[in-house]
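Welcome, and have a look at the model below before reading on. The notes that follow take it section by section, with the cut-offs given along the way.

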Amino acid sequence: MNPFELHGASYLTFYMSALFFGAVSALFIRHLILSVDRQPLVSAEAVARQLDPYEAAYIEGGNDRAFLTACATLARHEIVSIDRTGREITLVPDKEHPHLHELEQTLVFKLKLGPLLLADAKKDVSGTLATVRRRLVDKNLATDDSTKSKASLMPWLWFAAITLLFSVPKIEMAIAENRPHGFLVLLAVIAGIMSFFFLKKADLTNKGRMAGLILKQNSSALQLTAQSNPTSLSLRDTAMAYGLFGAMAVAGDFFFADAAYALRPVPGTGGSGCSSSGCGSSCGSSCGGGCGGGCGG
Amino acid sequence: MVADIKTAVKLGIGFRPELALMIERRAERGALHFVEILAEDYKRPQDIPQALKNLRKKGLEIIVHSTSLSLGQAEQKGTSGQKEYEKCLRKRARHLNEIALLVDSPFVSDHIAFVRSGNLESGHLLPVEHSAAMQAVLRRNIAIAREMLQVPLVLENIACTFDLPGAEMDEASFVAGVVEENDCGLLLDLSNLFANAHNLNFSAAEYLEELPLQRLAYVHLAGGTFKRGLYHDTHSHPLQEQSLFLLEELIKHMPTNMSVSRVMLERDDRFPPEDELNGELDAIAAVLAKTEVASACAKIEAGNRIAGQSKLSTAAAQSAVADVALCVRQEELVKSLLGMAAVPHWLHEKRIREAAEALSRKRLRTIKRAHPALDKHLPPDSGTGVFNLFEVDTDDEKRLDHSLRLYFAAFPSVHPDGCYADSLAFLKFIKTAQKQKAESIYASAICFPTNEVKV
């Protein structure tokens with residue numbers, strides 16, 4: 001049967017079925033690409049047991065999570081201090097810091113030269129963050145550049161091809177035969193927009209995602225202790241808790257949340273000094289609204 | 001790190017979230033064989049944390065313990081109080097059973113004690129009179145609890161800083177009688193035994209001789225501290241040498257071809273560094289390793305399982321009439337410990353006052369631990385309201401302690417739903433206190449809906 005011989009609602013039904021098939025098969029292609037395992041004999045569970053806190057943090061939330069974990073861990077152990085409002089991180093003087101992870105070491109080393117804005121500090125340790133990622137690539141937990149682009153482009157191309165293959169010729173035919181084609185155009189446009197979903201970056205392999213899940217489940221004891229007895233945690237345990245569970249991991253502190261706040265981009269500094277988000281909130285809380293012209297005297 | 005001492009006896013520890021990581025690490029080394037959980041910590045089956053499930057997967061045994069059955073609670077027969085108590089006991093025992101089945105606990109344990117009288121909740125395990133009347137009360141209550149249990153019941157001796165007058169027998173005979181008569185297993189808390197031997201001046205060795213050690217299911221050890229000549233079994237201080245010495249004594253007293261099967265450490269507060277706690281467990285293991293252990297563990301297990309299945313019929317036990325005087329005396333004791341009434345003449349006033357103070361401190365600590373950010377909820381000391389009744393320190397911690405004491409005065413009974421509910425009730429109290437005059441709070445103490453107490 002030639003599908004192009006279908007017309008009206010019948011063709012639209014066929015087109016939607018084709019799009020559905022295209023989406024499912026695109027996801028399957030992505031899954032296949034991310035499932036390629038260079039070390040199939042090493043299970044995700046075995047590899048999860050060997051992850052260091054910053055590798056775990058990267059798996060949970062990429063570079064940002066790993067960097068924030070380092071800041072919060074060092075702050076929790078009073079090696080650095082984080083100024084939420086000034087968005088700065090400062091080394092606490094005369095504080096010994098043995099047994100630091102290489103990422104923590106790099107951060108401490110950079111801070112020896114003076115306080116840094118969190119965003120600048122992150123740039124300064126980007127080399128070490130890249131090393132963490134490289135190790136994950138070696139363990140087949142994170143995607144290398146080639147796999148990353150394949151996992152984005154191939155499903156996208158496949159879905160886009162199906163979208164176009166069954167829409168463009170039919171629209172041309174409809175125009176030639178002077179048939180209505182508005183709904184088909186609309187569906188094709190929607191499918192075209194949806195196809196960008198498949199361009200989503202794939203940072204982790206399937207094994208990496210699985211290792212993250214296993215590690216989180218196996219770290220339930222750490223989570224319990226971090227929430228109830230955080231003072232008993234070593235530097236490494238603290239880092240693992242922040243890395244896996246983020247801001248709410250450790251009871252009674254806001255180091256991670258402060259670092260996350262300080263890392264956010266500084267609101268734009270326009271001529272009036274009042275960007276929409278920055279000034280609005282500060283004036284709103286301190287003197288009940290009224291931005292511009294000070295705080296109402 | 002010191003190499004772990006291998007012993008045939010199973011070594012365990014009380015599972016607390018604060019110790020979860022330490023427990024997991026020790027279990028991974030194979031130096032821990034079981035954990036004990038408190039049924040009251042897990043209101044619903046889904047509250048069991050993943051960490052416990054992981055321990056189970058690693059082959060650790062999980063034993064379910066309880067502190068709330070109040071098996072020694074005397075209620076006047078035929079009264080609404082008795083019906084209420086039985087309903088509550090059934091509910092708690094059913095919950096205990098549910099948790100035990102969920103974690104595959106070989107048995108469940110509770111204490112030979114009472115924790116509440118009427119609707120007054122003491123928040124602590126209180127001693128029962130060593131009399132035949134009390135044995136009858138226990139028999140009836142144990143029978144009711146067993147109706148709900150599909151696993152054997154094991155009973156524990158408690159610690160006490162004061163003695164109750166009118167005892168018809170010594171503690172050891174009483175405990176032995178209760179355990180034998182009800183066909184239960186025995187959980188021997190050696191630190192409680194040491195505390196009682198020290199505080200009430202009797203010989204721990206003679207006590208051990210009287211116990212039916214063939215029924216021994218497991219052993220508790222915990223730290224404590226000496227205060228004003230009394231030993232307090234706090235579970236928040238290091239393990240004392242005396243408790244270890246008693247463990248050696250116990251092993252010597254075990255019947256031929258039988259051995260202690262499980263020994264565990266309890267720690268509930270002021271959690272020390274991992275190494276310190278591991279040191280205490282290693283010390284216990286060292287004592288156990290010194291002694292020859294036979295392979296009698298399985299026999300004890302089987303014995304307990306059989307014991308649990310031979311239930312007394314409730315109807316038979318119902319014939320035991322609760323002594324009215326016993327019930328009145330329990331109420332007087334609870335009221336005096338909660339500071340709601342003067343210490344009755346038949347009790348040792350000084351010791352009861354000390355015990356009352358210890359209970360109040362314990363309640364304060366547990367509330368603060370259950371809700372660590374409580375001080376953040378205190379209103380600023382603005383010059384009016386409940387926080388200015390007395391001279392109050394500006395220090396947040398002291399201000400919190402002070403307001404908690406005021407709360408205890410208004411609500412002497414511990415919240416029946418536990419320490420977290422107690423902390424929430426305290427928050428409600430301070431909100432109400434902000435709205436009303438402090439004096440009126442005192443005059444008309446607002447009570448828990450299920451637990452009305454007038455001060």
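## Helix H14 of chain B

How many residues does helix H14 of chain B have, and how far does it reach from its first C-alpha to its last? Helix H14 (residues 396–410) of chain B has 15 residues and reaches 21 Å, close to the 21 Å expected at 1.5 Å a residue. The expected span is 1.5 Å times one less than the number of residues. Helices here are DSSP runs of H or I with at least four residues, strands are runs of E with at least two, and both are numbered from the N terminus.

Before going further, a word on the ground rules: this is a predicted model, in which local features need pLDDT of at least 70 and side-chain atom pairs count only at pLDDT 80 or more, while totals for chains, interfaces and linings use all residues. Residues are numbered from 1 along each chain as its sequence is written, chains are lettered from A and ligands numbered from 1 in the order in which they are written, and side-chain values use heavy atoms, with hydrogens and water left out.

The buried residues of H14(B) are B:Arg399, B:Leu400, B:Ser403, B:Leu404, B:Leu406, B:Tyr407, B:Phe408 and B:Ala410. Buried means under 20% relative accessible area, exposed over 50%, and partly exposed in between, with a 1.4 Å probe and protein chains only.

## Aromatic pairs and charges over rings

Over all chains, the structure holds 20 aromatic pairs. Rings of Phe, Tyr and Trp (its six-membered ring) pair if their centres lie within 6.5 Å; planes under 30 degrees apart count as stacked, over 60 as edge-to-face and the rest as tilted. The pair of B:Tyr407 and B:Phe426 is edge-to-face, because the ring centres are 5.5 Å apart and the planes lie at 65°. B:Tyr407 lies in helix H14 and B:Phe426 in helix H15 (residues 419–435) of chain B, so the pair ties together parts that are 19 residues apart in sequence. B:Tyr407 is buried at a relative accessible area of 0%, and B:Phe426 is buried with a value of 0%.

In chain A, ring pairs link A:Phe4, A:Tyr11, A:Phe14, A:Tyr15 and A:Phe166 into a cluster. A:Tyr11 also has A:Lys170 over its face, at 4.9 Å from the ring centre. The charged end of A:Arg84 sits over the ring of A:Tyr261, 4.1 Å from its centre. The criterion for a charge over a ring is NZ of Lys or CZ of Arg within 6 Å of the ring centre and within 35 degrees of the ring normal.

## The open sheet of chain A

Three strands of chain A form an open sheet in the order S1-S2-S3, with antiparallel pairing. Its edge strands, S1 (80–83) and S3 (116–117), each pair on one side only. Two strands pair if DSSP finds at least two bridges between them. S1(A) and strand S2 (residues 88–91) are joined by four bridges, and A:Ile82 has A:Ile89 in S2(A) as its bridge partner.

Helix H3 (residues 53–76) of chain A lies across S1 and S2, at about 115° to S1(A). Helix H4 (residues 102–111) of chain A lies across S1, S2 and S3, at about 90° to S2(A). Axes are lines fitted to C-alpha atoms, for helices over the stretch in contact (heavy atoms within 4.5 Å), and angles run from 0 to 180 degrees between N-to-C directions.

Which residues cover the two faces of strand S4 (residues 108–111) of chain B? B:Val108 and B:Asp110 are on one side and B:Ser109 and B:His111 on the other, all of them buried. S4(B) pairs with strand S3 (residues 61–65) in the parallel sense over two bridges, and with strand S7 (residues 153–156), also parallel, over four. B:Ser109 is the bridge partner of B:His65, and B:Glu156 that of B:His111.

Helix H13 (residues 349–370) of chain B has 22 residues and reaches 31 Å, close to the 32 Å expected. Its buried residues pack against strand S6 (120–126), S11, helix H12 (324–337), H14 and H15 of chain B.
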